[in-house]
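Here is a set of questions and answers on how some structural terms are applied. Look at the structure first, then read on.

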Amino acid sequence: MAVRSVPRRRTTAARASADLRAHLENGKKLITTTVQKFPFIVDGIADMSDKCFAVIVDEAHSSQSGQAADKLNMSLGGGDADEEPEDIQDRILQAMDRRKMSRNASYFAFTATPKKATLEKFGTRNKDGGFDPFHLYSMKQAIEEDFILDVLANYTTYRSYYEVQKSVEANPLFDSKKAHKKLRTYVESHQQTIDTKAAQMVEHFLGNVVAQKKLRGAARGMIVTRNIESAIRYFFSVRKHLKEGRANFQAIVAFSGKKTVDGIEHTEDTLNGFPAKDIPEKLAGRERKPGDPVYKLLIVANKFLTGFDEPLLHTMYVDKKLQGVLAVQTLSRLNRCHPKMQKQDTFVLDFYNSASDIKAAFDDFYTATSLTEPTDVNVLHDLRETLDEMGIYTWAEVEQFNELFFNEAEAEQLHPVLDGPVSTFDLMEQEEDRIDFKIKAKQFVKLYGQLACIIPFHQIEWEQLHWFLKFLIPKLKVQDQPGPEVDALLESVDLSTYALERVQLNQHIELDDADTALDPENPNVRGYHGDDSQESPLDEIIRIFNERWFSAWEATPEEQRVKLVNILKHVRANPDFENQVLNNADKQNRAIALQSLITQAVNKERRRELELYKLYAGDDSFKKEFDAMISRILALEKSDPPA
């Protein structure tokens with residue numbers, strides 16, 4: 001049977017897949033390929049149902065539950081084109097059967113970060129109804145056996161301090177919640193902020209990696225930024241600081257496509273001076289000729305965060321929010337061993353995430369990860385019922401689309417069937433209703449796509465709705481919620497002060513040895529939950545923002561920063577700090593000890609900082625907030641929140 005999303009020409013990928021089809025039909029014993037090639041061979045391949053296959057899947061994630069994975073099952077499962085059913089319902093049923101995991105194939109999926117869908121699809125059912133890994137070689141065991149390095153053994157975190165000022169006389173109203181988020185994005189992407197962090201990164205790399213001749217002088221570093229624009233700004237700033245530091249190597253920037261920054265369009269090729277495909281080799285220096293530049297720093301946004309295998313990577317500088325699987329995959333770029341180069345450790349300097357954030361991400365995958373129970377498929381019933389009731393489409397339109405789709409109609413015939421529902425969607429009075437429908441439609445398509453290959457029964461209407469919504473969703477347009485009024489906020493403020501303070505130096509983030517049990521996907525129907533916005537004057541927004549990020553008292557921002565740094569130095573220098581605070585596992589005693597050390601520090605500074613001393617000694621609320629701020633900066637928690 002031939003199932004195609006849209007008619008397509010014979011592409012380079014299709015031509016490359018001809019070898020895959022031939023190898024399968026001719027019984028080649030070992031084939032190395034990508035799952036993306038199977039969509040190109042499912043049409044016209046000979047019946048394979050009489051043969052047995054072992055499918056070894058590397059990095060088994062959500063990509064193994066999409067259309068390409070379905071086509072892999074179709075290719076191996078058989079079904080000759082001559083046996084194509086004539087009835088449209090039989091065709092849909094056949095498509096459902098063929099997307100299921102083939103009975104003549106055994107699947108062996110490897111991953112260090114199993115997601116819920118991965119466990120449900122490839123895991124082994126346990127006596128409690130959940131899913132366990134068929135076999136386990138854990139991160140913990142791999143580290144203990146020196147198969148990989150512990151990337152959390154030398155983890156340094158930084159905290160930002162900044163203040164913004166109003167740059168206009170007017171006092172306009174803005175949505176408070178969105179404004180605070182926008183302000184932080186503005187500060188963290190500001191060139192002054194990036195220059196400050198880039199200087200710190202270059203200074204560390206030159207002093208602690210290059211000068212120390214890590215990996216016999218061949219160590220490489222990666223700078224992970226929040227987006228492509230930030231990566232480009234970092235590239236120029238790092239390049240400037242490397243030149244000022246008289247470094248004998250250069251930096252590379254990596255991103256996909258084109259990006260315009262300050263009115264100039266950039267690509268990897270134009271910035272680096274060589275083709276993007278050469279980045280891995282240029283960084284490693286494996287084909288470097290005498291006189292060619294040496295590259296030791298790679299600046300990225302999203303590219304190379306997963307699947308990039310370079311054992312020379314030793315140090316990573318993070319200026320991006322990392323959580324869950326992305327945190328583990330990103331930091332694991334450093335974990336490759338390199339005995340020849342005497343690679344024995346790694347460095348991470350994190351300017352965005354706290355140690356507790358990173359611990360929470362890694363704990364789920366440190367030992368064994370299992371799924372407590374299967375996904376509740378009843379949510380598909382609920383979603384289908386809710387979507388039907390919203391009246392965007394009729395079931396006749398769903399059936400008409402599927403009949404055309406499974407008869408391999410041209411795209412020009414499919415789109416008119418969708419135009420009616422799109423018009424109905426656009427006529428909805430409330431933007432919130434349009435957002436709500438699109439959220440639910442996406443949830444249905446994603447969930448059904450994950451479960452279709454393992455659901456033990458046929459629900460033909462789910463299959464029909466899946467294909468209908470899959471093509472309808474891209475045509476549904478909703479407004480961007482933040483709106484231009486919040487963008488105008490950035491034209492009304494300036495960054496007046498920015499500073500960095502190291503929170504923890506070379507901390508070893510200890511992970512939990514206990515096995516992790518994940519709960520299945522939320523069985524509830526998702527949707528739009530409304531806008532709880534509240535407008536405030538710009539003056540008030542800036543005041544609260546500065547209080548949160550600079551913890552103000554009656555002193556200038558620069559004076560505040562100096563006072564904080566002095567107090568922190570006294571606390572760290574106290575001979576009791578290490579035993580009573582840093583290495584104290586008792587949360588309550590640790591908090592008491594820290595308060596005592598802060599009080600001693602403030603007393604030592606009382607002659608120079610009389611105003612601070614009076615506030616601290618005479619205002620309990622100020623003292624409480626000050627102690628809490630020092631505690632957050634020190635990031636003392638190991639498994640508990642800050643004391």
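**Helix packing and a pocket**

Q: Why are helix 15 and helix 17 called roughly perpendicular to each other?
A: Helix 15 (residues 411-426) and helix 17 pack at an angle of about 70 degrees, with axes 10 Å apart. Angles of 65 to 115 degrees count as roughly perpendicular, under 35 as roughly parallel, over 145 as roughly antiparallel and the rest as oblique. Helix 15 and helix 17 are therefore roughly perpendicular. This is a predicted model, in which local features need pLDDT of at least 70 and side-chain atom pairs count only at pLDDT 80 or more, while totals for chains, interfaces and linings use all residues. Residues are numbered from 1 along each chain as its sequence is written, and side-chain values use heavy atoms, with hydrogens and water left out.

Q: Which residues make the contact of helix 15 with helix 17?
A: Leu 418, Pro 421 and Val 422 of helix 15 meet Phe 468, Phe 471 and Leu 472 of helix 17, where contact means heavy atoms within 4.5 Å. These residues divide into six nonpolar, no polar and no charged. Ala, Val, Leu, Ile, Met, Phe, Trp, Tyr, Cys and Pro count as nonpolar, Asp, Glu, Lys and Arg as charged, and the others, Gly among them, as polar.

Q: What makes helix 16 oblique to helix 17?
A: Helix 16 (residues 431-451) and helix 17 (residues 460-472) pack at an angle of about 125 degrees, with their axes 9 Å apart. That angle makes helix 16 oblique to helix 17. Their contact residues divide into nine nonpolar, two polar and two charged.

Q: What is the angle between helix 14 and helix 17, and why are they called roughly perpendicular?
A: Helix 14 (residues 395-406) packs against helix 17 at about 85 degrees, with the axes 9 Å apart. The pair is therefore roughly perpendicular. The residues of this contact divide into nine nonpolar, two polar and four charged.

Q: What is the volume of the largest pocket, and which residues are closest to its centre?
A: The volume is about 1,400 Å³. Of the 47 lining residues, Phe 110, Thr 111, Ala 112, Thr 113 and Tyr 137 are the closest to the centre. A pocket is an open set of points on a 1 Å grid over the protein atoms alone, where a 1.4 Å probe fits, with protein on both sides within 12 Å along at least five of seven lines; lining residues have an atom within 4 Å of a point.

How values were computed
Points joined across faces, edges and corners; volume = space filled by probe spheres on them. Axes fitted to C-alpha atoms, helices over the stretch in contact; angles between N-to-C directions. Helix = DSSP H or I, 4+ residues; strand = E, 2+ residues; numbered from the N terminus.
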